[in-house]
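Here's a quick tour of a structure for you to look over. Have it open in your viewer as you read.

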Amino acid sequence: MNNPASPASSETAMIGSRSTDWHGEAMQKRIARRYAAERRFKYLGLSAIVISSLFLAFLLFVMIGNGIKGFSTTQVAVPIDFASATGGASPDQIRGEDAERALNSLDISGIVNTAIEIEYGADAADIFTENSWTDVRDALLSNPDMIGENTTVWLTAKSEIDRAAKDDTDEKFEALYAKLKDAGKAQSGFNWGFLTGADGTDPARVGIWGALKGSIITMLVTLALAFPVGVLAAVYLEEYAPSNRITDFIEVSINNLAAVPSIIFGLLGLVVFLSWLELPRSSALVGGLVLALMTMPVIVIAGRNSIKSVPPSIREAALGVGASPVQVVFHHVLPLALPGIMTGTIIGMARALGETAPLLMIGMRAFLTSPPQGLTDPSTVLPVQIYLWSDEVNRGFVEKTSAAIIVLLIFLLTMNAFAIYLRNRFETRW
Amino acid sequence: MNTETTNIASSNKMTTRNVDVFYGEKQAINGVSIDIDMENVTAFIGPSGCGKSTFLRTMNRMNDTIPSCRVTGEITLDGEDIYAPSMDVVQLRARVGMVFQKPNPFPKSIYDNIAYGPRIHGLASGKDELDQIVEKSLQRAGLWNEVKDRLNESGTALSGGQQQRLCIARAIAVDPEVILMDEPCSALDPIATAKIEELIHELRGKYAIVIVTHNMQQAARVSQRTAFFHLGTMVEYGDTSEMFTNPQEERTRDYITGRYG
């Protein structure tokens, strides 16, 4: 039996030219080779996972390492005797509706600049920007009683001072910061302004809220349009449309639409929404419309696939007890297809959230120093803001860019987590 | 024999006359005429692919979902042509219920499975009445005692035989006049099959029942009337006892004696 050449065994134990002796040496070798192949494949897969985790870890490490600094700010103390500087203005003057106008007439900017001049002399221009006084105005608006006091206010320092506090920069600013620090006149803290403000020229004073709010509004417009239209299109194509050439043509077109480069959707939006329909330029409404066009095919394709995977027996069961086609769809098919549709929606929305190119085409790259107040206000979105900041000459924008990326990632993860939570809730009903 | 035929005709629930069914160009059913009455269980037997399931599905227009399918001839329910434009398909399917080959409960609770039909047709005036319908349907399907304490559990968690009885209960819940069963036991073990057959006995007389089966013993056990289908035509239709002891046609005899099929 062990000898494949033996004519006796070739009659009985062989089906091909090789021995079928399962314990023979040749067979053991083949088994060993199979084990080796299995092991090799396992390690290949493992190494692929390790490499991708390393990339991810590297990305997060660099982003968080750079960006975390963007969330802190440096402030420098300025003593101001409001009582004498304003000539005895009372807190009641700057209360109520006319507070802002009253403040303007008090020449706060002049008072603050004089106080800075007195305290820091020649260094003043290196420590503060010409906008630093607005901190005082804001402080006075929220706490009018300050107007009668002789107090010390903390003003946001120039970006160069802020960077001197965090990492290496010019020797001049390093020395200046060291001097301030030793005198106890500089402090660092969480940069609330970054989370509440909008774009600006001084990196120490910019905020992300404007772009974040723009992104939220744009995404809501996108979702409100792309989800119902996409799902209804998928339902119609799967459940109602007759299978003919027109349906085939529509199906091919939708598949192609999902693969069209996003900038082309931007051009489409520019022509259709801005030129023909004359919707407001740079607005979240137009941005949402353009991104909805881009997201819809993704939802249609995912929706059709998950509707297709609902077992036909469920449809038959419902039809069998006398459910109408619409009842079959809304009572049985859609609830079962929803998890799959949600997955498609998550993918489409995540892509839309990170989209820059089409939004540049419709003017969402405007320099905006206040957050949008509504659908038609000029606004920008997070990825465009990141793109704009990464292009800035001022070195202070580097950490702001990274900080904005962190905000974008957190937004993305929050959105996905919410969608996955919803999906799992529906899935348990199966 | 002659008197009996007229007797049956008087209580006909459904009749079909010269029914042809086409799938595109291909003819699947050729000139079938048959009467279904309330008192008897009618069995359709025949080898695989002979068209008995296709024919069954024309009787509540379930074949409407297949675009290429075309039906000619006349099928009536209480004398009403079910393929007439004035016939409401949704109502027809409530009146002519169906139980499928594979148990197909909705992925919902046992209660909701039964309550679904009455709900969409507005058959219950309130929660209490709906509860009653659910209980009565489950009792008629012989499932009440097994599931009464777990009505909120998923219908898909039941065993195969229980699922099929749940499907029968679901069909009963909309108070149909005819129940069509398409090989209801082919996916079940012998014990579950016996329970379904017992159930069919109990339901006889309350509903006109048509059952498709390729198990001849089953046809002999549960039915009073049997139709034998072969290659898209109905070869013979008569009393089950007559058919199995003294078939009129050569092909029927060959099939029943196990010569083919």
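What follows goes from the overall build of one chain to two local spots.

## Chain B as a whole

Keep in mind that this is a predicted model. Chain B has eleven helices and ten strands in its secondary structure. Along the principal axes, its C-alpha atoms take up a box of roughly 55 × 45 × 40 Å.

How does the radius of gyration of chain B fit a compact globule? With 261 residues, such a globule would come in near 18 Å, and chain B has 18 Å, so the two agree. As for burial, 45% of the 261 residues of chain B count as buried. Take the contacts in chain B between residues at least 6 apart in sequence: 68% of them join residues at least 24 apart.

## Helix α4 of chain B

Helix α4 of chain B spans residues 110-121, and its buried residues are B:I110, B:N113, B:I114, B:A115, B:Y116, B:G117 and B:P118. What do they pack against? Their partners, also in chain B, are α3 (89-95), α5 (127-140), α6 (144-147) and α7 (160-172).

## A helix pair in chain A

Over in chain A, helix α8 (residues 159-166) packs with helix α9 (residues 171-182) at an angle of about 80°, and their axes are 9 Å apart. That angle makes α8(A) roughly perpendicular to α9(A).

On the α8(A) side, A:E160, A:I161, A:A164 and A:A165 meet A:F173, A:E174, A:L176 and A:Y177 of α9(A). The residues of this contact split into six nonpolar, no polar and two charged.

Terms used: Residues are numbered from 1 along each chain as its sequence is written. Chains are lettered from A and ligands numbered from 1 in the order in which they are written. This is a predicted model: local features need pLDDT of at least 70, side-chain atom pairs count only at pLDDT 80 or more; totals for chains, interfaces and linings use all residues. A residue is buried if 20 or more other C-beta atoms lie within 10 Å of its own, exposed if 12 or fewer, and partly exposed in between; C-beta atoms are placed from the backbone. Helices (H or I, at least four residues) and strands (E, at least two) are DSSP runs, numbered from the N terminus. Two residues are in contact if their C-beta atoms, placed from the backbone, lie within 7 Å. Axes are lines fitted to C-alpha atoms, for helices over the stretch in contact, and angles run from 0 to 180 degrees between N-to-C directions. Angles under 35 degrees count as roughly parallel, over 145 as roughly antiparallel, 65 to 115 as roughly perpendicular and the rest as oblique. Ala, Val, Leu, Ile, Met, Phe, Trp, Tyr, Cys and Pro count as nonpolar, Asp, Glu, Lys and Arg as charged, and the others, Gly among them, as polar. The radius of gyration is taken over C-alpha atoms; the globule rule is 2.2 Å times the number of residues to the power 0.38.
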